[in-house]
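Visitor: I would like a tour of this model, with the cut-offs spelled out as we go. Could you show it to me?

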Amino acid sequence: MKQFALILVILTSLFGCENTSKEHEKQFFLPPAITHNYAEIDSIKLFYREAGDKTNPTIVLLHGYPSSSHSYRNLIPMLATNYHVIAPDNLGSGYSTHLDPETTTYTFDLLATYTEKLIDTLQIENYVMYMQDFGAPVGYRMMTKNPKRIEALIVQNANAYLEGLTPKRQDFFRSAQTDTSQEKHDFLYSLTSEDAIINKQYVFDLDATNINIQSPDAWTHDLAFLKSKKDREIQVQLFKDYNTNLIRYPKWQKMLRENQPKTLITWGKKDLKFNANGAKAYLKDLPNAELHLLDAGHFAAEEKTREIAKLILEFLSKNEIE
């Protein structure tokens, strides 16, 4: 009997130690690695960041001006544990090929064509589309061709309504297209300078309470690709083409109204370029869209990365895109 009791004590001790050890094991969150890739299409190279399991639903992140996929460097790992994430650099931006603007005219049609070719090359059939700034005219052009390919929309300061532009802003885009004077060209060119990129793009809608949330890595990276005259001329050509987007707004709105895509709107309400009325205007055509006005500016994904990631993950889970 004593021998049996001794064995029982030993077994209890052994299993107890094992359980205690397991209880003290730490759990770590380790997101999938981001890879940095090129796809060769029509003798040019398009750069894209990729992360996550390819068998999961795909999220395509479309960047704005004057940025690149670098603007999603913090958001990608937050999404990639649950989703396959692709973030391309537009033709003429970031690490993608910069064709000579003297021999290639840069338009949003051109950007959309090559972005769509990249997605096709990667054999992505359907995907969730995240758009910011220039990402909207690129994304809506692709969506217009095949609306059913888009499983859901995530709209972040991505305008498709005149309500989101002040009359002065509307006039800026119209005159950029119609005014062919050297004076107008020089003004547009000045908007691609270091001072303009920092102070008129990144920090113009930040206040003293959150100025330190905006990493200088963002504009330093952008400016690295705006050093040459030709690189700056690429962006000038896109400014001149931007009014074609305003002209297409009714067509895009009709497409949204007829197809009713699942839509999440995460909009920096301090944005003075694409103001919050542009976010609210989506509800006219997409009454079931989920709208969140964030305490952020034009580059909300830089300021509120965690909040936006959480909203995306919750939204896609609710809509059973997982």
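Visitor: In S6, which residue is the bridge partner of Tyr 130?

Guide: Happy to start there, with a word on the ground rules: this is a predicted model, in which local features need pLDDT of at least 70, side-chain atom pairs count only at pLDDT 80 or more, and totals for chains, interfaces and linings use all residues. Residues are numbered from 1 along each chain as its sequence is written, and side-chain values use heavy atoms, with hydrogens and water left out. Strand S5 (residues 127–131) pairs with S6 in the parallel sense over five bridges, where pairing takes at least two DSSP bridges between two strands, and helices (H or I, at least four residues) and strands (E, at least two) are DSSP runs numbered from the N terminus. In S6, the bridge partner of Tyr 130 is Ile 154.

Visitor: Through which helix does the chain cross from S5 to S6, and in which hand?

Guide: A crossover is called right-handed if, with the strands pointing away from the viewer, the path from the first strand over the helix to the second runs clockwise. From S5 the chain reaches S6 through H4, and this β-α-β crossover is right-handed.

Visitor: How many of the six residues of S6 are buried?

Guide: Buried means under 20% relative accessible area, exposed over 50%, and partly exposed in between (1.4 Å probe, protein chains only). S6 is largely enclosed by the rest of the structure, because its buried residues number five of the six.

Visitor: Which residue of S8 is the bridge partner of Thr 266?

Guide: S7 has strand partners to describe here: three bridges join it in parallel to strand S6 (residues 150–155), with Leu 153 opposite Thr 263. S7 also pairs with strand S8 (residues 290–294) in the parallel sense, over five bridges. Within S8, Thr 266 has as its bridge partner His 292.

Visitor: Through which helix does the chain cross from S7 to S8?

Guide: The β-α-β crossover from S7 to S8 is right-handed. Its connecting helix, residues 276–285, is H11.

Visitor: Why does the pair of Tyr 65 and Phe 239 count as edge-to-face?

Guide: Rings of Phe, Tyr and Trp (its six-membered ring) pair if their centres lie within 6.5 Å; planes under 30 degrees apart count as stacked, over 60 as edge-to-face and the rest as tilted. The structure holds 19 aromatic pairs. For Tyr 65 and Phe 239 the centres are 5.0 Å apart, and the pair is edge-to-face because the planes meet at 65°.

Visitor: How many residues apart are Tyr 65 and Phe 239?

Guide: Both Tyr 65 and Phe 239 are buried. Tyr 65 lies in the loop between strand S3 (58–62) and helix H2 (75–80), while Phe 239 is in helix H9 (residues 229–241), and this pair links distant parts of the chain, 174 residues apart.

Visitor: At what angle are the planes of Tyr 140 and Trp 252?

Guide: Tyr 140 counts as buried at 0% relative accessibility, and Trp 252 counts as buried at 1%. The ring centres are 5.3 Å apart, and the pair is tilted because the planes are at 35°.

Visitor: How far from the ring centre of Tyr 189 is the charged end of Arg 232?

Guide: A charge sits over a ring if NZ of Lys or CZ of Arg is within 6 Å of the ring centre and within 35 degrees of the ring normal. Lys 117 lies over the face of Tyr 114, at 5.1 Å from the ring centre. For Arg 232 over Tyr 189, the distance is 4.0 Å.

Visitor: Within what arc do the buried residues of H6 fall?

Guide: The buried residues of helix H6 (residues 182–190) are Lys 184, His 185, Leu 188 and Tyr 189. Taking the directions from the helix axis to the C-beta atoms, these residues line one face of H6, because they fall within an arc of 140°.

Visitor: Is Ser 68 buried or exposed?

Guide: Ser 68 is found in the loop between S3 and H2. Beyond its neighbours within four places in sequence, Ser 68 is in contact (heavy atoms within 4.5 Å) with His 63, Asp 89, Gly 94, His 221 and Asp 222. With a relative accessible area of 1%, Ser 68 is buried.
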